[in-house]
Amino acid sequence: MDIELGKDGYPIFTPEMKKTHTILIPMMLPIHFEILISVFGQYGYKCEVMKNESRAVVDEGLKNVHNDTCYPALLCIGQFMDALKSGKYDVNKVALMLPQTGGGCRASNYIYLLRKALKDTFPQVPVISLNFIGLEKNPRNGWHMSMPELVKALYGMMYADMLMTLYNQCRSAELIKGSSKKLLDRWIRRVITLLKTKDFMNTKKYYVRMLDDFAKIERSSVPRIKVGIVGEIYVKFSPLGNNHLEDFLISEGCEPVVPSLMEFILYYLSNKLTDVEIYGKHTKLTPIFRMFYKNFLKQEKETIKLMEQHGHFTPPHDFEHLKASVQQYIGLGVNMGEGWLIPAEMGALVESGIENVICTQPFGCLPNHIIAKGMSRAVKEHYPNANIIAIDYDPGATRVNQENRIKLMLANARASQG
Amino acid sequence: MRTYSLGIDVGSTTVKTVVCDENAKILHSAYQRHFSKVKETVSEQLHRIQEKFPDAQFRCAMTGSAGLGLANAAKISFVQEVHAAFLAVKTCFPQADTVIELGGEDAKIIFLTGGVEQRMNGSCAGGTGAFIDQMATLLGITVDELDEAALRATRTYPIASRCGVFAKSDIQPLLNQGAAREDVAASIFRAVVDQTVAGLAQGREIKGNILFLGGPLSFQKGLRKAFVDTLKLTPEQAIFPDEAPVFVALGSALYADQSKDSPKTAQALLDMVQGAKAAADVVTGEKLFRSQKEYDEFVARHKRCDLQYADLRTYEGDAYLGIDSGSTTTKLVLITEDGRLLYSHYASNEGQPLDRIAAKLKQIYKDKNPNLNIRCSAVTGYGEDLIKSGLSVDHGIVETVAHFKAASFFCPDVDFIIDIGGQDIKCFKIKNGTIDSIMLNEACSSGCGSFIQTFAMAMGYDIAEFSQMGLFAEHPVELGSRCTVFMNSSVKQAQKDGATVEDISAGLSSSIIKNAIYKVIRARSVDELGKNIVVQGGTFLNDAVLRCFEREIGRHVIRPAISGLMGAFGAAIYAKEQAKTHGQEHSGLISPENLANFSYTSKNVRCGGCTANCSLNIIKFSDGGRFVSGNRCERGAGIQRETAVPDLYAYKAESLLQIVKKQPSVKRGTVGLPLVLSFYEQLPLWHAFFTKLGFAVEISGESDRKMYFKGQHTIPSDTVCYPAKLAHGHIETLLEKNVDFIFWPCMTFNFAEPDTDNHFNCPVVAYYPELMRANHSGLNADNFLYPYIDVNDRRQVVKAMKKALAKYNISGRQIADAVDAAYAAHEAYREDIQKKGQEIIRQARAEGRKIIVLAGRPYHLDKEINHGLHKLITSLGLAVVTEESVAPMGHMPELHVYNQWTYHSRLYRAAQYVTTQPDMQLVQLVSFGCGIDAITTDEVRSILESHGKLYTQLKIDEINNLGAAKIRLRSLLAAMTK
C-alpha cells in the first residue's frame with residue numbers, strides 16, 4: 001500500500017486504512033478502554049488495547065525516548081515499540097493512537113516523541129492524535145468522530161465509571177473470591193451490547209440494575225481502611241504505570257477509592273470555560289464545551305442522587321462542590337496537567353472521610369511540583385486529619401521502596417483508627 | 001515456658017534483633033552487617049537466640065526495608081519501620097518531641113508533639129548511611145576515620161545534600177583543589193543534616209527534645225555534633241540512647257508483644273525463615289559467558305591491543321611523560337620515542353592528587369636510567385591546572401583531545417570513543433579526524449566505575465574479585481539503568497528476591513553499560529556509533545563490563561590493554577608532538593632536587609574581585625609559586641585583562657539592576673518584585689507599570705547560595721529545578737524588606753513568538769506563585785498579589801490589574817496608562833538587548849573572536865543559576881550573546897516537536913540562526929530537572945548537527961562544579977579552532 005505523508009513528513013492514517021489497519025491503543029483504564037474500543041468498532045475502526053507489560057516494555061521505552069521524559073510517555077511508547085517488534089502484528093497494517101490535550105505540559109508532545117521513535121524502524125506506521133480541539137487537522141485524516149459518535153463514546157465512559165466505582169467497592173470486601181470480577185465482566189459485555197442500541201442514553205435504568213446486581217454480592221462487614229488514589233492521570237489509572245497499586249492495596253486489606261474518569265473530563269471542560277473567564281479566550285468551540293459541561297454536571301448530580309437513594313454504595317463527589325472548595329488554596333487558573341484537580345480530589349476525599357490518600361506521580365512531573373507536592377501542605381492545613389503520601393513512579397523506582405512508603409501511610413492510618 | 005517478644009529489623013545493610021520481656025526490658029540484642037546475605041544472617045541470629053533461650057517461646061515481628069519480602073515469604077508479621085520506631089519511642093522516651101532516624105539508605109523523621117507525623121525520604125533523596133559510606137570511599141578512608149577527621153575540622157564547605165551523586169560532584173573538586181580532608185569530612189556531615197532539615201522536615205520546625213536513632217547516629221560522633229550544632233540543641237535536648245542501633249528492632253518486638261500472634265519457639269521461627277521462598281519475579285538476563293572456552297577466546301582477542309614495553313632502568317634516550325589527574329584516580333605514563341611503555345601508574349588519588357603524583361615522579365627519577373631524558377611532559381584531567389603549576393609540567397591538554405590521540409594510536413580510523421572512568425563517562429564521535437560531538441554523563445547519572453567499587457566494598461569484596469564473580473553468573477539480574485540511588489534500591493530488591501552476589505555483580509556491569517548507551521550516548525542503533533569503536537577507562541578493564549558492552553551493541557570493539565591509562569598516554573603523545581613542533585630538548589618539569597624539597601600549603605579566601613565572591617583556594621608551593629582555584633574569571637587568579645571580552649549576559653544583568661533604580665517621586669506605596677523566573681524578562685515591564693502608578697519598586701536582589709538556604713525550609717518538592725527553589729529565598733528577602741505587598745503574576749501564557757503552535761510558560765514558571773502562597777505562612781491575600789495575567793492581551797491586563805489593586809482605588813484610565821507605559825518599557829528593553837547583541841557580534845568580529853550563543857531561559861541570567869559560566873566562556877576569549885538576542889534574526893526551522901512554549905521556541909530560532917553563521921556556536925544551558933528540556937535538547941541538537949554545527953549542553957544545578965563545563969567548553973574550543 002502507498003504511504004501518504006503529511007506535510008510534516010509523517011504517514012497519515014488515511015480513510016482507506018480504516019478497513020485494513022488495526023489501531024493500537026496503550027492501556028490505561030482496563031474497564032473503560034474495553035468499552036471504548038467496542039464503540040470505535042461500531043464506527044468501523046478496528047482497535048486493540050495493548051496488554052503487554054513485560055520488562056521489555058520499559059527497556060523499549062528507555063531506548064526510544066529521552067530518559068528525562070515522563071514515565072507515562074516512556075511506558076506508552078515502550079508498549080508500542082514492544083508490540084510492533086513482537087511479531088504479533090503486520091507492521092504494515094497497524095496504526096497507533098495517543099491522546100493529545102494541547103495543554104501546557106509535556107503530554108502534548110508524546111505524539112512527536114512517538115513519531116521520532118518510529119522514524120528509523122517503522123516509518124510506515126501512522127500515528128493518530130486523539131483530541132477534541134482540532135489538532136493535526138488534515139483533509140486526508142481517516143480518523144473522524146461525529147458528534148453523535150462522540151456522545152456515545154462518552155456515555156460508554158460514564159457506564160465504565162459506574163462499573164469501576166462499584167467494582168472497587170465490592171472486590172475488597174467480597175466473601176466469595178472472584179464474584180465481583182465475574183459480575184464486572186458480565187456487565188462490561190452488557191454495556192457493550194447496550195451501546196449498540198438506542199437505549200444507551202437511558203442511564204438511570206441501567207445504573208439501577210448495576211447497583212442492584214452489585215449489591216447482591218456478599219460482602220464482609222469488617223471495616224476496611226479506605227485509600228484514595230489521586231495523581232497524574234496515567235499513573236493514577238494504569239496498572240502498568242503504578243505497579244498494580246489497586247491490587248496491592250487490596251492485598252493489604254484496604255479499599256482503593258479511585259475518582260472517576262468523568263471528574264477528569266469535567267475538569268478539562270471546566271478549564272476551557274475558565275480560560276474564557278480569566279483571559280477572554282472565547283472560541284467557536286466554547287458553546288459546545290459549555291453544553292457538554294452543563295450536561296455532564298446534570299448527569300452527575302442525578303447519579304449521586306440515585307446512588308444515595310439506593311443506599312448501598314458511596315457515590316462520586318459532587319464536582320461543583322469540589323471545584324468550589326479547592327479555591328481555598330489554589331486558583332482554577334492552574335490548568336496544566338491535572339492542575340487544580342489533584343488538590344481538589346485530595347480535599348474531596350478527605351472531606352468524605354477517606355483520609356488516607358496516595359498521590360501517584362511520574363518522577364519529575366512538572367505540573368505535579370505545584371499541584372501535588374506543592375499543595376499537600378495546604379490541603380493538610382485545611383484537613384488536619386489528612387494522611388497524604390506522594391509516591392513517585394519511574395523506570396528505576398523499585399516496588400519495594402514504593403510499597404514500604406505506602407505501608408508507612410497505612411501504619412499511620414491504622415494507628416489513627418485506634 | 002516463658003514467652004518473650006522478638007523484633008527483627010532487616011535494614012538495607014544490617015540485621016538487628018532484640019528480645020525483650022513484657023516490661024520492654026531488653027534481654028538480648030544483636031547488630032550485624034548482612035552483606036546482602038539476608039536470610040543467612042537472620043538465621044544465624046535466630047540460632048543464637050535459640051541457644052540463649054532454649055526454653056522460651058516468642059511473639060515475633062519483622063521490620064525494615066529489606067524485611068518486607070522476607071516477612072511475607074516466611075509468614076512472619078511485618079511492621080513498617082517508622083511505625084516500629086514510633087512504638088518504641090512512646091514506650092521508652094515519652095519526653096521526646098521529635099525523632100530523627102538515619103539508616104543505611106533511609107532517613108526518617110517522626111514529629112510527636114503538635115500533631116503526630118511520620119515521614120520518610122522520597123525516592124530521590126537517596127542514601128544517608130550509604131551516602132556516608134560512599135563519601136568515605138571517595139576520601140579513601142574508613143567511616144571511623146572520616147568521623148574522627150570531622151571532629152578536627154575548622155570550617156565547612158557547602159555541599160549539595162539532596163543526593164549522594166550531587167554531593168560527590170561538589171566534593172571532588174574540593175579534594176582536587178587540596179581542601180583539608182578534615183573540613184571536607186565535616187562538610188559531609190553538615191550536608192546530611194541539611195538534607196534532613198530541608199528534605200524531610202519540609203517547613204516543619206524541628207524543636208524540643210530530639211531523639212536520634214539509627215546506626216550512623218549512634219556510631220559517628222561527628223555526625224551527632226553536626227546535628228546538635230545546626231539545630232542548636234542543649235545536651236538535655238539531644239537524646240542519643242544507648243540502644244539506638246537496635247531501637248527499631250525493639251519497636252518491632254513491642255509490636256509483636258501487642259499482636260495476637262501465637263508464640264513460637266526460636267526453632268520454629270528459624271524453620272519459617274529458612275523455608276521462605278523468595279518471590280520469583282526477578283528479571284534476569286543472559287549469562288555473560290557460556291563457557292570457560294568462550295571467555296578465553298574473548299581474553300585472547302583483547303590481548304592483541306597491547307603496547308610494547310621497554311625497561312625504565314636500561315632505556316637510554318628521549319622519553320615523554322603524560323599525566324592524567326582524574327577525579328578519583330591518578331595515571332602516569334612514560335613512553336619512548338616509538339611509543340613503548342617505560343613506566344605506568346594507575347591508582348586512586350586518595351583525595352590528594354598532587355602528593356600522589358609528586359611521589360610517583362620521585363620514583364621515576366630514582367629508577368630511571370641516568371641517560372634517559374624526559375624531553376617533554378603534558379598533563380590532562382580535572383587536576384590539570386594544579387599539577388601543571390605545582391610540578392612545572394610543560395603542557396596542558398584537554399581531556400577529550402588526549403583521549404582521542406591515544407585512541408588513534410590503537411585505531412587510526414576510530415569513529416567512536418567511549419571512556420568510562422571512576423566518576424565520568426565520556427563519549428566522543430569522531431568525524432573527519434576531529435572530535436565531532438561529545439557526550440558526558442550528567443550530574444545525576446554518574447553510575448560509573450566508582451559505583452561498582454562502592455558496591456563491591458559494601459558487599460565485602462574487593463573490586464577485582466567482585467567483578468570477576470560476575471563473569472560466570474548463572475542469572476545476571478536486571479537492575480535498570482538509572483542513577484546510583486535507584487540502583488541501590490534495585491539491588492536491594494534483587495537480594496530480597498534471592499539473587500546471588502554473582503548475579504548482582506553481572507547485573508551491575510550490565511547496568512553501567514545500559515546507563516552509558518541509553519542515558520549518556522542515547523544511541524538508538526549501533527550504526528550511530530560507527531564501525532570502529534575504542535573503549536577505554538579503568539572501568540573497561542573489568543571484563544564483565546566489556547563483555548556487556550560488546551553484547552549490547554552487538555559487535556566487537558577495541559579495548560587497549562592500557563585502557564585505564566589512555567588519558568595519560570594521549571598526554572604523552574601530545575608532549576612528543578609538542579617537543580617536535582617547538583624543537584624542545586628538555587622538559588621544564590620540576591627537577592629531582594626541587595622535588596625532594598617539594599611541599600605546599602593551602603588556604604581559603606573569598607575573592608573580592610566582583611559581587612560573585614567566589615570561594616578561592618590558594619595553594620602556595622615551596623618554590624614560591626601559587627595556584628588559585630575556585631575562581632570563575634581571571635580576576636580571582638589575579639590577572640588583569642587589557643580589554644574586556646564582550647558579554648551580553650553581563651550587560652543584561654547590569655541593565656536590569658539599573659532599570660529598577662528609577663523610582664517615582666510621589667509614593668502610593670511599595671511593591672516588592674522577586675527577581676526570579678519570569679521577572680528576569682518582565683522586570684522592566686512591571687517596574688514601569690508600578691512606578692507609573694506611583695509605587696516604589698523594591699526587588700529582592702541578586703541570588704546567592706545564602707539566599708537559597710534562607711528559603712530552603714519552605715520548598716515542598718525537592719526535585720523541582722533550582723531556579724524555582726531559589727524563589728523561596730527571594731520571597732523571604734522581600735518579606736524582610738517590609739514592602740506593602742509582593743507582586744508575582746501567574747501566567748499560563750507568555751508573549752507569543754512568531755511561527756509557533758502556542759506560547760505557554762512551563763508549568764513551574766506559570767504557577768509557582770500559587771505554590772508559594774500555599775507553602776509560605778507569611779503570605780496572605782493582603783501582602784501577596786498573584787493575579788492571572790495574559791500579557792498578550794492588554795485589555796485583560798488592565799482588567800486583572802485593576803482588580804488586583806482594588807484596594808488602592810486606581811481608575812481604569814490610570815491603570816491603562818500604566819499598562820501602556822509598561823509595554824513601552826518592555827519594548828525598549830527588548831530592543832536595547834537586541835541592539836547590544838548586534839554590537840557585541842560586530843565587536844567580536846572586529847577583534848577576530850568567535851561567538852558563543854549561550855542559550856537558555858531568561859532566568860539563566862541569575863549568577864547563582866548560571867554559576868558564572870558566561871565568564872568562563874569569555875575567559876577562553878570567546879564573546880557571549882543570549883538566545884533571545886539572536887532569535888529574531890533566525891527563522892523557525894522545520895521541527896519535530898509541538899512548539900508550544902515561548903522561551904523554548906526561541907532556542908529553535910537561535911539554533912537555526914547559528915547554523916548560518918560560521919563563527920558562531922551554540923551552547924545550551926539546561927537546568928537539572930527541567931522536563932521540558934528533555935524535549936528541546938534533542939531538537940536543538942538535531943537543528944545544529946544537521947548543519948554541521950557542534951552541540952554542547954551544560955547541565956546546571958545548585959552544585960557549583962565547573963570542572964565538567966570547562967572540559968566541554970575547552971573541547972568545543974579545540975574543535976572550533978581545528
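**Close-up views of a predicted two-chain model**

**View 1. Helices α1 and α11 of chain B.** In this predicted model, the axes of helix α1 (residues 38-52) of chain B and helix α11 (residues 266-274) of chain B cross at roughly 170° and come within 9 Å. Axes are lines fitted to C-alpha atoms, for helices over the stretch in contact, and angles run from 0 to 180 degrees between N-to-C directions. Angles over 145 degrees count as roughly antiparallel, and α1(B) and α11(B) are therefore roughly antiparallel to each other. On α1(B) the contact is made by Lys39(B), Val42(B), Ser43(B), Leu46(B), His47(B), Ile49(B) and Gln50(B); on α11(B), by Ala266(B), Gln267(B), Leu269(B), Leu270(B), Val273(B) and Gln274(B). Contact requires C-beta atoms, placed from the backbone, to lie within 7 Å. Helices (H or I, at least four residues) and strands (E, at least two) are DSSP runs, numbered from the N terminus.

Residues are numbered from 1 along each chain as its sequence is written, and chains are lettered from A in the order in which they are written. In this predicted model, local features need pLDDT of at least 70, side-chain atom pairs count only at pLDDT 80 or more, and totals for chains, interfaces and linings use all residues.

**View 2. The open parallel sheet of chain A.** Four strands of chain A, in the order β2-β1-β3-β4, form an open sheet with parallel pairing. The edges are β2 (46-49) and β4 (127-130) of chain A, each with a single partner strand, so one side of each is left without a neighbour in the sheet. Neighbouring strands are turned by 30° against each other on average, direction ignored.

**View 3. Strands β3 and β4 of chain A.** Strand β3 (residues 94-99) of chain A runs parallel to β4(A), and four bridges join them. Strands pair if DSSP finds at least two bridges between them. Leu98(A) stands opposite Ser129(A) in β4(A).

**View 4. The side of chain B that touches chain A.** Here 58 residues of chain B are in contact with 56 residues of chain A. Elements of chain B that each supply at least two residues to this side include α2 (67-74), α19 (501-521) and α34 (933-945). Helix α27(B) gives the most, with nine residues. By class, the residues of this side of chain B divide into 24 nonpolar, 24 polar and ten charged. Ala, Val, Leu, Ile, Met, Phe, Trp, Tyr, Cys and Pro count as nonpolar, Asp, Glu, Lys and Arg as charged, and the others, Gly among them, as polar.

Key. Two residues are in contact if their C-beta atoms, placed from the backbone, lie within 7 Å. Angles under 35 degrees count as roughly parallel, over 145 as roughly antiparallel, 65 to 115 as roughly perpendicular and the rest as oblique.
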